[in-house]
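Student: I am new to this structure. Could you help me read its features, one at a time?

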Amino acid sequence: MSWDTDWLLARFNTQLPPPAARTLQNQSGAQRAAVLLPFLQGPQGLELVLTKRAEHLKHHPGQISFPGGRIESGESSKMAALREAEEEVGLSPADVTMVGQLPPQATSTGFVIEPWLGLVHAPPRWQLQLDEVADIFHAPLAELWQEERWQQWDWQHQGRQYPVYFLHWRQQLIWGATAAILHRLKQQLGQP
């Protein structure tokens, strides 16, 4: 088996979900957000689409992230993930087949992120919303999953210890909620 769509679907749908997200604070007051993890079939197998946030943003400037944002009133997290991907990078919801959802990821900044996996089945024409997104790139899962790229540090917060993941990919450092979501996905999928 290789890093392809069949492998992703088989592993994601048959593996037990990873443990629920650890909460850093009372979730009842947390703001809800949704992100899309868009997968493409590339020359090395499956590739995950990631973005680099614009440097002038107030929150997390220049960090590597997934397309996503706040869930609006009356909107499901799935709808929000698709809407935000279309707004931020021009990915049409009609070009995405949703695979499923990972458990929510709490952040230290008061958000609970609901991650959705989607397969992009048409060659995308990226249209970046430059107010929010500085760059977009495709990262092969075969590279992202290499153990030597990962580091874990322990962070003390309000008397508890939390793992913080760091992923070194090419010239990018992926960390925070994005790395935590990727780590959870890596645990669930394993290797082909």
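Tutor: Let's begin with a charged pair: Glu114 and Arg32 form a salt bridge, their closest N and O atoms lying 2.8 Å apart. A salt bridge is a side-chain nitrogen of Lys or Arg within 4 Å of a carboxyl oxygen of Asp or Glu. This is a predicted model, where local features need pLDDT of at least 70 and side-chain atom pairs pLDDT 80 or more, while totals for chains, interfaces and linings use all residues. Residues are numbered from 1 along each chain as its sequence is written, and side-chain values use heavy atoms, leaving out hydrogens and water.

Student: Is Glu114 buried or exposed?

Tutor: Glu114 is buried, with a relative accessible area of 11%, whereas Arg32 is partly exposed at 43%. Buried means under 20% relative accessible area, exposed over 50%, and partly exposed in between (1.4 Å probe, protein chains only).

Student: Which residues are linked in a network of salt bridges?

Tutor: In general, side chains of opposite charge can pair when their charged atoms come close. Here the network links Glu72, Glu75, Arg83, Glu84 and Glu87. Within it, Arg83 bridges to Glu75 at 2.7 Å between the closest N and O atoms, and to Glu84 at 3.1 Å, N to O. Arg83 is buried at 16%, and Glu75 is buried at 13%.

Student: How many salt bridges are there in the whole structure?

Tutor: A search of the whole structure finds 7.
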